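Dear colleague,

I am handing over the structure below, together with some notes on what was found in it. Please read the notes with the structure open beside you.

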Amino acid sequence: MKHLANIALPVAVAALVLGLWEGAVAHWQVPPYVLPAPSAIAWAFAENFSSLMQALESTLTVTLEAFAASSVLGVATAIAFSQSRLLERTLYPYAVILQVTPVVAIAPLILIWVGFERINLALVIIASIVAFFPILAGATLGLKSADFNLIDLTRLYGASRFQTLWRIRMPTALPYLLSGMKTAGGLALIGAVVAEFVAGSGTSTGLAWRIVESGNRLEIATLFAALGLLAFTGILIFAALSLLEWALLRRWHESAITDRS
């Protein structure tokens, strides 16, 4: 019953908002180039379904490749930091600098350095930069949060550094890593969209360019359809990563155990 309410309540709110939106547009006769009604957006989505799906495929490919790259690099760097505090003190500030630097400011440079003939690689690099830090921060914190008494015990029994890392530090870091991955999944999508915006016409085929193109043509209903598709994709990514988190933690970690009795 509780799980049904978790689904029904957001759906009811969405239906209420869409109904009010439809009624308000009809009542005040808002021009469609200012704010189209939900029914017009749905019609535009149906009319442009094929092109929107092709654009989504392009954006989603960049997003998933960037997420995979940032996950591998983030975990590898966090493991290196956990094995060498000197390395962490030396390089972690640069990871912070990379995180706080606006990606729109460095995206044109990456496009120039990589080259417009390899535009997809440039898009993946830009999106990976955006998604990298949450994974690095979560994994680093998790690896450093292992129980020092357990670590001392493994050393007492002659465990190697790799055994301590695999048996003690990695299980402790898993909840932190999965939490960072849920954040990074959405950021990878945002980074892919920003990269497509920066790439401009003639080089980008993703949803971001469809949004720009629709805006330039005053096809606002199609613009909203592309925006809705982006939002829905972000929700699906978050839901998939949440499901992964639940599957990996549900038997042993407090955050995923639903039976509190």
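At roughly what angle do the axes of helix 5 (residues 103–114) and helix 8 (residues 161–199) cross? Please keep in mind that this is a predicted model. The two axes come within 10 Å and cross at roughly 60 degrees, and helix 5 and helix 8 are therefore oblique to each other. Helix 5 passes helix 8 in a right-handed crossing, in which V103, V104, A107, P108 and L111 of helix 5 meet V194, V198 and A199 of helix 8. Sorted by class, this contact of helix 5 with helix 8 comprises eight nonpolar residues, with no polar and no charged ones.

A second pair is formed by helix 2 (residues 38–47) and helix 10, whose axes lie 8 Å apart at an angle of about 80 degrees, so that these two helices are roughly perpendicular to each other. Helix 2 contributes A40, I41, A44 and F45 to the contact, while helix 10 contributes A221, T222, F224, A225 and L229. By class, the contact of helix 2 with helix 10 has eight nonpolar residues, one polar residue and no charged residues.

T222 deserves a separate look. This residue is found in helix 10 (residues 220–249) and has a relative accessible area of 7%, so T222 is buried, given that the cut-off is under 20%. Leaving aside residues up to four places away in sequence, T222 touches A44, N48, R210 and S214, and the side chain of T222 makes a polar contact with the side chain of N48 at 3.5 Å.

With kind regards

Terms used: Residues are numbered from 1 along each chain as its sequence is written. This is a predicted model: local features need pLDDT of at least 70, side-chain atom pairs count only at pLDDT 80 or more; totals for chains, interfaces and linings use all residues. Side-chain values use heavy atoms; hydrogens and water are left out. Axes are lines fitted to C-alpha atoms, for helices over the stretch in contact, and angles run from 0 to 180 degrees between N-to-C directions. Helices (H or I, at least four residues) and strands (E, at least two) are DSSP runs, numbered from the N terminus. Angles under 35 degrees count as roughly parallel, over 145 as roughly antiparallel, 65 to 115 as roughly perpendicular and the rest as oblique. A crossing is left-handed if the near helix is turned anticlockwise from the far one by less than a right angle, and right-handed if clockwise. Contact means heavy atoms within 4.5 Å. Ala, Val, Leu, Ile, Met, Phe, Trp, Tyr, Cys and Pro count as nonpolar, Asp, Glu, Lys and Arg as charged, and the others, Gly among them, as polar. Buried means under 20% relative accessible area, exposed over 50%, partly exposed in between (1.4 Å probe, protein chains only). A polar contact is a pair of N or O atoms within 3.5 Å; within protein, one must be able to donate a hydrogen and the other to accept it, and residues adjacent in sequence count only if both atoms are side-chain atoms.
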